[in-house]
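Hi,

Here is the model I promised to pass on. Could you open it next to this email and follow along?

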Amino acid sequence: MTLFEDLKWRGLIKDIAGEESDLQKVLDGKPFSFYWGTDPTADSLHLGHYSSLCMAKRLANAGHHPVLLCGGATGRIGDPRPTAEREIISEEKVNANINGIRAQIKSLVPTAELVDNYDWLKDYTFLNFLRDVGKYINVNYMLDKDIIRRRLENGITFAEFSYMLLQGYDFVHLFQEKNCIMQVAGSDQWGNITTGVDLIRKMLNQAAYAFTMPLILDPSGKKFGKSEGNALWLDKTKTSPYQIYQYLYNSDDSKVLEYLKVFTFLSREQIEEIYRQQQAAPETRVAQKTLAYEVVKDIHGVEEADKAVSGAKAAFSGEGNKDDMPTVEMEKSLIQNGIGAIDLFFAAKIGGATKSDIRRLIQQGGAAVNAATFNDVKRVLNEADLDKDGELVLRAGKKKFVRVVFI
């Protein structure tokens, strides 16, 4: 199976700039350079970015050269959001975020060449940019872009309105300086991508290629990689490998085949066999187990993936090793003096963002201590409640566990 055929089978090609046959020839032809970019809005990427990094790795594995851009310049402006203006990030925060993201990109895509658009935009004067770039793009063209059109009713600043020109020029620069003939991104970047293709055609009289990947969504239609409104970070100090494992292990049966195609590097034959086993015995959750293990292994390595499996076994079946479960430490005096169940769950950061959330969880029978459910919101836990190891294992719902160690 060729690269193009593999990407099509995995459902990774949504929109194409130009003809599909031309894209196929380029993807399956001689090695070329391509780029993918992200803005440093945080000091870590999250699971929502991971599909793009997987795409970069797929193209790299096929012999093509990845140029991965972290937008030190565009990050100071902000890509237009569908609802409201982005908050301006300080230069110090932008630089710190870039350092964090670059380390993750280099770890996940070792052959990538890392670039920062601040390097070529910081000295580009406003007048020269308008003359060199702005004159090639009609305002009506920009207004017709979906992301701009959705913001017109509530208003959009000139800064965010100009964002697509900056990203479009990034493609021009990388086309000229790095021989990047292709850009790849999520489908929400389609307007920015096509602006770059058009600028290359108008400014350089050259042809460039681009395609988007569909956004990965959960069964409710929310962007993949979000949990209770919080990103699942690739930085394990923000989101543990166990949390990513559990999130993926709990993937809906209706979506797990799609996720296996998008987020793993297993072959078509391997994925189809796993899914056949899943359909024959859904209760085994073999597809979810494979998905969760493969993703954690790719992001954090085999050792962390094995520990996540062990922690899950300890939480759900009493097997495995409790040391591999997510763990929080608390002062021993808290359990010696007695601590209310609501306060305990809140301190362990499980069961909800507020104490009211935890109260409802307990009232509805969704909370458990050492596998025993309870619904008394006034319950006080003390040393008599500790397990044989002098610890507690808290559960919220059916899927979230945390081990509490008292020191």
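**Loops, pairs and rings**

Let me start with N370, which sits in the loop between β10 (367-369) and β11 (372-374). N370 is not a glycine, yet its phi is positive, at about 50 degrees. With 27% relative accessibility, N370 counts as partly exposed. On that scale, buried means under 20% relative accessible area, exposed means over 50%, and partly exposed is in between (1.4 Å probe, protein chains only).

Before you go further, a word on where this comes from. It is a predicted model, in which local features need pLDDT of at least 70 and side-chain atom pairs count only at pLDDT 80 or more, while totals for chains, interfaces and linings use all residues. Residues are numbered from 1 along each chain as its sequence is written, and side-chain values use heavy atoms, with hydrogens and water left out.

K349 is another non-glycine residue with a positive phi, near 55 degrees. You will find K349 in the loop between α18 and α19. K349 counts as exposed, at 77% relative accessibility.

**Salt bridges**

How many salt bridges does the structure hold? There are 19, taking a salt bridge as a side-chain nitrogen of Lys or Arg within 4 Å of a carboxyl oxygen of Asp or Glu. As background, side chains of opposite charge can pair when their charged atoms come close.

- D6 and R10 form one, with the closest N and O atoms 3.0 Å apart. D6 is buried at 16% relative accessibility, and R10 is buried too, with a relative accessible area of 5%.
- K355 pairs with D343, and here the closest N and O atoms are 2.9 Å apart. K355 belongs to helix α19 (residues 355-363) and D343 to helix α18 (residues 341-347), so this bridge ties together parts that are 12 residues apart in sequence. K355 is partly exposed at 40% relative accessible area, and D343 is partly exposed at 37%.
- K388 and D389 meet through their side chains at 3.6 Å, N to O. K388 is exposed, its relative accessible area being 78%, whereas D389 is partly exposed at 42%.

**Aromatic pairs**

Searching the whole structure turns up 9 aromatic pairs. The rings of Phe, Tyr and Trp (its six-membered ring) pair if their centres lie within 6.5 Å; planes under 30 degrees apart count as stacked, over 60 as edge-to-face, and the rest as tilted.

How are the rings of Y35 and F171 arranged, stacked or edge-to-face? Their centres are 5.7 Å apart and their planes lie at 65 degrees, so the pair is edge-to-face. This pair links distant parts of the chain, 136 residues apart: Y35 is in strand β1 (residues 33-38) and F171 in helix α10 (residues 163-177). Y35 is buried, with 1% relative accessible area, and F171 is buried at 0% relative accessibility.

Y50 and F263 make a stacked pair, because their ring centres are 5.9 Å apart and their planes are at 5 degrees. Here too distant parts of the chain are linked, with Y50 in helix α3 (residues 47-61) and F263 in helix α13 (residues 256-263), 213 residues apart. Y50 is buried at 1% relative accessible area, and F263 is buried at 2% relative accessibility. Ring pairs also join Y50, Y259 and F263 into a cluster.

**Charges over rings**

K261 lies over the face of W9, 4.7 Å from the ring centre.

**One last residue**

Which helix holds A159? A159 is in helix α9 (residues 158-161). A159 counts as partly exposed, at 36% relative accessibility. The C-alpha atoms of A159 and G78 are 8.2 Å apart, and the two residues are separated by 81 residues along the chain.

Cheers

How values were computed: Helix = DSSP H or I, 4+ residues; strand = E, 2+ residues; numbered from the N terminus. Lys NZ or Arg CZ within 6 Å of the ring centre and 35° of its normal.
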